[in-house]
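Trainee: I've got a new model open and I'd like to learn how to read its salt bridges. Can you walk me through it?

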Amino acid sequence: MSSTAKYIFVTGGVTSSLGKGIIAASLAKLLQARGFKVTIQKFDPYINIDPGTLNPYEHGECYVTEDGAETDLDLGHYERFLSVKTTQANNITTGRIYNNVITKERKGEYLGKTVQVVPHITDEIKRNIFLLGESGEYDFIITEIGGCVGDIESLPFIEAVRQVKWDLGPNSAIVIHLTLLPYLNAAKELKTKPTQHSVKELLEAGIQPDILVCRSEKPLPMDIRKKLALFCNVHLNSVIEAMDAETIYDVPLHMRKEKLDERVLSKLKVPSKEEPDLEQWKIFLGRLKNPLNEVTIAIVGKYVSLPDAYKSIAEAFVHAGAQNDCKVNIKWISSEEIYKESVAHVLQGIDGVLVAPGFGERGLEGKIEAIRYVRENKIPFFGICLGMQCCVVEFARHVLGLEASTTELNPKTKNPVIDMMEEQKKITIKGGTMRLGSYNCKVKKGSKAHHAYGESIIQERHRHRYEFNNKYLEQMEDSGLKATGINPESNLVEIVELKDHPWFVGVQYHPELKSTVLNPHPLFVRFVEAALENKRI
Ligand code: GLN
């Protein structure tokens, strides 16, 4: 175990969806802005080994890291706030913990002992907590425990936290408990009882929280703070108010005002004379809140009734919008709503269209119709992953006049312009065939992508099974759909662009995963710029 890294655990009480991820990311931002090295880890108490196979309707987007881990969308917030890359080690589920323990047991590593939740499962959890600390790369490890205190599923994690606190002593590990103070309109009062109960629940598990972060719709009056401090055994200045924010990017500043970072440093006995340097962050917020222009972008996808399914895309537009001093209004459009007769009406007043990623969709024809419309009407278009594949199919059908499709949808299509590669076909276990994580891409000079990136070799993250079929490359390029980004190792097409169009770019990878507050993604920045141009004409 690391002697220098400090551990901060974030637990949640009363209800789920209080925004533990945002509070953890905001605290990390404040510590980082003071010059510390920080990473965040999330423990998810479900049995799935990773969120890769979870339905986005239930769980929101699956966030892919550089090393190809399919993780919880909270990791996206960590990267967007910190501009620090996460890995598999940053997201651990109950399923993974049990899988590791059972694998060890099968190998005979427990020497015939009875394998139990305590100590074997809790030891495996602790091993994963210390893994990041032992790397020597970080001053602080912030570990978010998914779910609510008192859930059956999170018990082993809470027990592991208790043990870590006990093992390391008071100045090396602390617990921040995030809770809700409901406002009762009839009584005109914020209520502390649910918080008292959830702290009691933690105490029963042997954990005294060091800091309470209280989500509420109203400011916390002093008498409420005092009451919480007294009943929950926390210092008065460790009762932190977390009011609903206008944007999640305000939260680090709110936490700064409430001195969350100072409380953490003093509890962990870490001296810091420097004030957090939040200049760049404030400039971003200033631009975000004072836009000079406005555009409307349509996102055409399948899971549009749950925007969390496209969280990183929506956030990438927030970053790119601020960079352009432009408010980006997003209009979510279900691909099933789009057909030949409706497309002009549905896309009326839209300045740019993004066709979203997806898997095995019924709405594919709607996506293709939307692309035909924006291609013909010269409306800026950005296709991501399945969105790029759709623009290739559309081009093959309507420009090359081929009876074409992707084999994902029609395995018997005459012209499989998007197809699975031979090596991938051999791997049959579901999930095993995906191209995941970061790959190199060589970008052609003179292309829109090159203009955006300003570089010839870039790295972007992937999560897909199907690829552009190079058999059709020449034919496509001759007719105007150019492959402007190629994977130099495998020769796979990564970017396509249409000639003679103001901005028509399809990418096989997921650029949204690399957009952060301080480094907005260049393709999103250029796409918003193109949408603005389009609006002006
Ligand atoms: N379903 C497509 C594939 O597997 C695209 C995946 C995606 O959009 N992430 O290749």
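Predicted model: local features only at pLDDT ≥ 70, side-chain atom pairs only at ≥ 80, totals over all residues.

Trainee: How many salt bridges are found in the whole structure?

Mentor: Side chains of opposite charge can pair when their charged atoms come close. Here a salt bridge means a side-chain nitrogen of Lys or Arg within 4 Å of a carboxyl oxygen of Asp or Glu. The search finds 38.

Trainee: Which residue forms a salt bridge with glutamate 315?

Mentor: Lysine 311, with the closest N and O atoms 3.6 Å apart. They sit 4 residues apart in helix 12, so about one helical turn separates them. Helices are DSSP runs of H or I, at least four residues, numbered from the N terminus; strands are runs of E, at least two.

Trainee: Are glutamate 315 and lysine 311 buried or exposed?

Mentor: Both are buried, meaning under 20% relative accessible area; exposed is over 50%, partly exposed in between (1.4 Å probe, protein chains only).

Trainee: What about arginine 536?

Mentor: Arginine 536 pairs with glutamate 533 at 3.5 Å between the closest N and O atoms. Both lie in helix 19, 3 residues apart. Arginine 536 is exposed at 55%, and glutamate 533 is partly exposed at 47%.

Terms used:
Residues numbered from 1 in each chain as written. Heavy atoms only, no water.
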